[in-house]
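Colleague: Please take a single part of this model and go through it closely. I would also like to hear how that part sits in the rest of the chain.

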Amino acid sequence: MNEENTSANPIGTPDAAPDVVAAFEEIDTDQIPSTDIVFECPYCGKSLSIDQRGAGLVIECTTCHQLVTVPIPEGMVLSDIDLPPEEQETQLSNMRVMLSKAQDSIAQLTAENQELREKVETMSKAMVARAHRLTELRTMYSALAKSQEEATDSLSRLRRFLDENS
Ligand SMILES: [Zn+2]
């Protein structure tokens, strides 16, 4: 078979494997049918191969058992692929699992977000309190500086008075 023609094969050629699920298996490098999509599991890196009618499907990795989405080859139109009802059923249930996982992580992110917001609020309150204290200290400092100035002034007047009257 001519390898260069692989991507040009139309979907649903007579030699395509009839059963998508049965075609999903670990790779035997010498015997990949030309209609298969070959890709790596994003979780464990295992090379996977599936009949091209599996494009866009959510499947379970044979190695790590994570649910992965089969990539859609360039130029392939999903509506060209008609899935048998039982396949659609499996797909729907896999989608439900993924949706539930996504909802879990959204809930977790929302909780983390709330926690961060509270931390930021606590920190800004502490900063405001510090700014207040700093202003108080500045006021006290300038009051002290003024008193010292007045005391120095009185002292030198006293000295002048003593000098003049000695
Ligand atoms: Zn995997």
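Modeller: Of the contacts in the protein chain with a separation of 6 or more, 42% are between residues 24 or more positions apart. The model is predicted, and its average pLDDT is 81, with 77% of the residues scoring at least 70. The chain has two helices and five strands, in the order α-β-β-β-β-β-α from the N terminus.

The part I will take is the hairpin of β2 and β3, which has six residues between its strands. Strand β2 covers residues 36-40 and strand β3 residues 47-51; the two pair in the antiparallel sense over five bridges. Within this pairing, I37 faces I50 of β3. In the turn, G45 has a positive phi of about 80°.

In soluble globular proteins, nonpolar side chains tend to be buried together. Burial is limited in this model, however: 9% of the 166 residues count as buried. Beyond four places in sequence, L48 is in contact with F39, C41 and C61.

H65 lies in the loop between β4 (58-60) and β5 (67-69). Its phi is near 65°, which is positive although H65 is not a glycine. H65 counts as exposed because it has 11 C-beta neighbours inside 10 Å, and the limit for that class is 12 or fewer.

The other is L92, in helix α2 (residues 85-164). L92 is a leucine, yet it is exposed, because 10 other C-beta atoms lie within 10 Å.

One stretch calls for caution. Where pLDDT is low, the predicted coordinates should not be read in detail.

How values were computed:
Residues are numbered from 1 along each chain as its sequence is written. pLDDT is the predictor's confidence in each residue, from 0 to 100. Two strands pair if DSSP finds at least two bridges between them. Helices (H or I, at least four residues) and strands (E, at least two) are DSSP runs, numbered from the N terminus. A residue is buried if 20 or more other C-beta atoms lie within 10 Å of its own, exposed if 12 or fewer, and partly exposed in between; C-beta atoms are placed from the backbone. Two residues are in contact if their C-beta atoms, placed from the backbone, lie within 7 Å.
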